[in-house]
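Open your viewer and keep the selection tool ready. We will go from stop to stop, and each stop tells you what to select.

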Amino acid sequence: MAQFNLQNVEDFYEIGEILGSGHFGQVRELRERASGVSWAGKFVKLRRSVSSRLGLERKSVEREVEILQALQHTNIMALKDVFESRAEVVIVVELIRGGELFDFVAEKENLTEIEAIEFLKQILKGVAFMHSKQIAHFDLKPENIMLSDKKVEHPEIKIIDFGLAQRLTPGEEYRSLCGTPQYIGPEVINYEPLSVASDMWSIGVITYILLSGLSPFQGDTDEETLRNIVDMKYEFEEQYFSQTSDMAKDFIEKLLIKEPSERMTAEECLLHPWIKPLTRKQAAN
Ligand SMILES: COc1cc(-c2ccc3ncc(-c4cccc([C@@H](O)NCCN(C)C)c4)n3n2)ccc1O
């Protein structure tokens, strides 16, 4: 069993404002007393008994921490420290000040292909790194992709929230119904064995949204959204994609494939001509 720092987090950090909250717990700004540097702390309540539904099981927090310890990459939020008390674990990570990609895109309606490619290259590098360690995120969506500083010309992408992430063992099946309806692949809905390819489906959905502002499978209800996914019911509506290159649509089509093993891998995405033009002429398209 992993042992976290049993000292009091408040002896080392001044606890600041709530930055956000969700299924994962509460994220607060932490100011390191020794250096004055600000960090982000995710406060996770631990389940008090096996019968309780409140809080997270300690082993799921241990899994998330082990995954974060394995993922040192510039496009993945960096782990700093972990504190534990009887009822709570505090995961201390780098503070990301640029907000969610979701909000950045919403403010701009949608992005140019060049802007989208710049973000996608970074997302793909972070995802390729985690997949190289057989780690799948399983909840990739614009809200979990943040920007280091949105005021700079080229904001750096930071992938956050590894609460649903899993280190996959070859030969061992992993199934789960978790995730966010708009972004999960058909294999999740059908409760089939999952792989890192499920993240590639999510990247296809994220790309579609970045270029159009629309969510390809979104229905009026979650049930309708899930039905649209298993039926592969999406299209490039002319009204929203008339200015989108065929190369960009090809990139999306090579990810929104029902059979997970037929989707591009993150490494293959980085070599796709839309992302890595073969010629200057292609780059001009
Ligand atoms: C360690 O685990 C997490 C860290 C973070 C995290 C890390 C650094 C960091 N800097 C700023 C923020 C931040 C700022 C505003 C809102 C949020 C969060 O509530 N929304 C993020 C997306 N959400 C859907 C998880 C997070 N964060 N959030 C978010 C979710 C996690 O499961």
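A polar contact here is a pair of N or O atoms within 3.5 Å; within protein, one must be able to donate a hydrogen and the other to accept it, and residues adjacent in sequence count only if both atoms are side-chain atoms. This is a predicted model, where local features need pLDDT of at least 70, side-chain atom pairs count only at pLDDT 80 or more, and totals for chains, interfaces and linings use all residues. Residues are numbered from 1 along each chain as its sequence is written, and side-chain values use heavy atoms, with hydrogens and water left out.

**Stop 1: the ligand**

Select I96. One of its backbone N or O atoms lies 2.9 Å from a nitrogen atom of the ligand. An N or O atom in the K42 side chain is 2.9 Å from an oxygen atom of the ligand.

How much of the ligand's accessible area does the protein cover? It covers 89% of the 630 Å² that the ligand has on its own (areas from the Shrake-Rupley method with a 1.4 Å probe).

The ligand is surrounded by 19 residues, each with a heavy atom within 4 Å of it. G20 and E143 are among the closest. Strand β1 (13-22) gives the most, with three residues. Strands are DSSP runs (E, at least two residues) and helices likewise (H or I, at least four), numbered from the N terminus. By class, the shell has ten nonpolar, three polar and six charged residues. Ala, Val, Leu, Ile, Met, Phe, Trp, Tyr, Cys and Pro count as nonpolar, Asp, Glu, Lys and Arg as charged, and the others, Gly among them, as polar.

**Stop 2: an aromatic pair**

Select Y13 and F83. Their rings form an edge-to-face pair, 5.9 Å centre to centre with 85° between the planes. Rings of Phe, Tyr and Trp (its six-membered ring) pair if their centres lie within 6.5 Å; planes under 30 degrees apart are stacked, over 60 edge-to-face, the rest tilted. Y13 is in strand β1 and F83 in strand β4 (residues 79-84), so the pair ties together parts 70 residues apart in sequence.

**Stop 3: a cavity**

Select F138, C178 and Y183. They are among the residues that line the largest cavity. A cavity is a set of points, on a 1 Å grid over the protein atoms alone, where a 1.4 Å probe fits but cannot get out; lining residues have an atom within 4 Å of a point. Its lining has seven nonpolar, four polar and one charged residues.

How values were computed: 1 Å grid on protein atoms, 1.4 Å probe; cavity = no way out; pocket = protein on both sides within 12 Å on 5 of 7 lines; lining within 4 Å.
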